[in-house]
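Please look over the sequence and the structure below before reading on. The text after them is meant to be read with both in view.

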Amino acid sequence: MNAMQLFRTSLIAIPVLLAAPAFGADSAPSGDELITSKVQAALAADKRLQVKAPLEVRTQDGVVEIVGDVKTPAMVYRAVETARTVDGVKDVDTNRLDAR
């Protein structure tokens with residue numbers, strides 16, 4: 001490879017290498033997405049949490065909203081306590097979590 005070919009190759013390769021970390025950044029979950037995933041996993045792993053259907057979890061700015069139906073008011077408390085164990089959770093909103 002002569003000097004000119006090496007120069008042309010480096011003009012292409014250097015910007016690609018510098019931009020490489022940015023390509024993978026979009027695939028990593030954001031803070032809220034990561035919190036949501038961890039809360040969902042924690043709720044699903046809690047064998048004593050009695051739910052009628054899988055609970056829906058949303059997170060915005062660290063505030064977790066849990067939506068769904070649980071069997072008793074004690075299960076609402078249990079869901080909140082389980083969600084609070086996850087790093088990054090600032091608060092838990094249960095306005096749409098019903099005990100029926």
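Predicted model: local features only at pLDDT ≥ 70, side-chain atom pairs only at ≥ 80, totals over all residues.

Residues are numbered from 1 along each chain as its sequence is written, and side-chain values use heavy atoms, with hydrogens and water left out.

The pLDDT is the predictor's confidence in each residue, from 0 to 100. Its average over the protein chain is 82, and 71% of the residues score at least 70. Over residues 6–20 the pLDDT is below 50, and beyond near neighbours in sequence this stretch has three contacts in the model. A contact here means heavy atoms within 4.5 Å.

The protein chain has three helices and four strands. Helices (H or I, at least four residues) and strands (E, at least two) are DSSP runs, numbered from the N terminus. In sequence order the pattern is α-α-β-β-α-β-β. Among contacts between residues at least 6 apart in sequence, 58% join residues at least 24 apart. The accessible surface of the protein chain comes to about 7,000 Å², and carbon and sulfur atoms account for 58% of that surface. Accessible areas come from the Shrake-Rupley method with a 1.4 Å probe, and for residues only the protein chains shown count as cover. Of the 100 residues, 26% count as buried. The classes are buried (under 20% relative accessible area), exposed (over 50%) and partly exposed (in between), with a 1.4 Å probe and protein chains only.

Helix α3 covers residues 73–84. At 1.5 Å a residue, its 12 residues should span 16 Å, and its end C-alpha atoms are 17 Å apart, which agrees. The expected span is 1.5 Å times one less than the number of residues. Which residues of α3 are buried? They are Met75, Val76, Ala79, Val80, Thr82 and Ala83. Seen down the axis of α3, the buried residues fall within an arc of 165 degrees, so they line one face of the helix. The arc is that of the directions from the helix axis to the C-beta atoms. These buried residues pack against α2 (31–45), β2 (63–70), β3 and β4. The face turned away from the buried side carries the exposed residues Pro73 and Tyr77.

A salt bridge is a side-chain nitrogen of Lys or Arg within 4 Å of a carboxyl oxygen of Asp or Glu. Arg84 and Glu81 are three residues apart in α3, and therefore separated by about one helical turn. An α-helix has 3.6 residues a turn, so residues three or four places apart point the same way. Arg84 is partly exposed at 46% relative accessibility, and Glu81 is partly exposed at 31%.

How many salt bridges does a search of the whole structure find? The search finds seven. Glu56, Arg58, Glu65 and Arg96 are linked in a network of them. Glu65 counts as buried, at 17% relative accessibility. Arg58 is partly exposed at 32%, as is Glu56 at 39% and Arg96 at 44%.

Arg96 lies in the loop between β3 (91–93) and β4 (97–99). Arg96 and Glu65 are 31 residues apart along the chain, with their C-alpha atoms separated by 7.9 Å. Leaving aside neighbours within four places in sequence, Arg96 is in contact with Arg58, Glu65, Ile66, Val67 and Gly68.

Two further residues remain. Asp61, in the loop between β1 (56–60) and β2, has a positive phi of about 55 degrees although it is not a glycine. Most residues other than glycine have a negative phi. Asp61 counts as exposed, at 55% relative accessibility.

Arg100 sits in the segment after β4 and is exposed at 59% relative accessibility. Its C-alpha atom is 6.3 Å from that of Thr72, 28 residues away in sequence. Beyond neighbours within four places in sequence, Arg100 is in contact with Lys52, Asp69, Val70 and Lys71.
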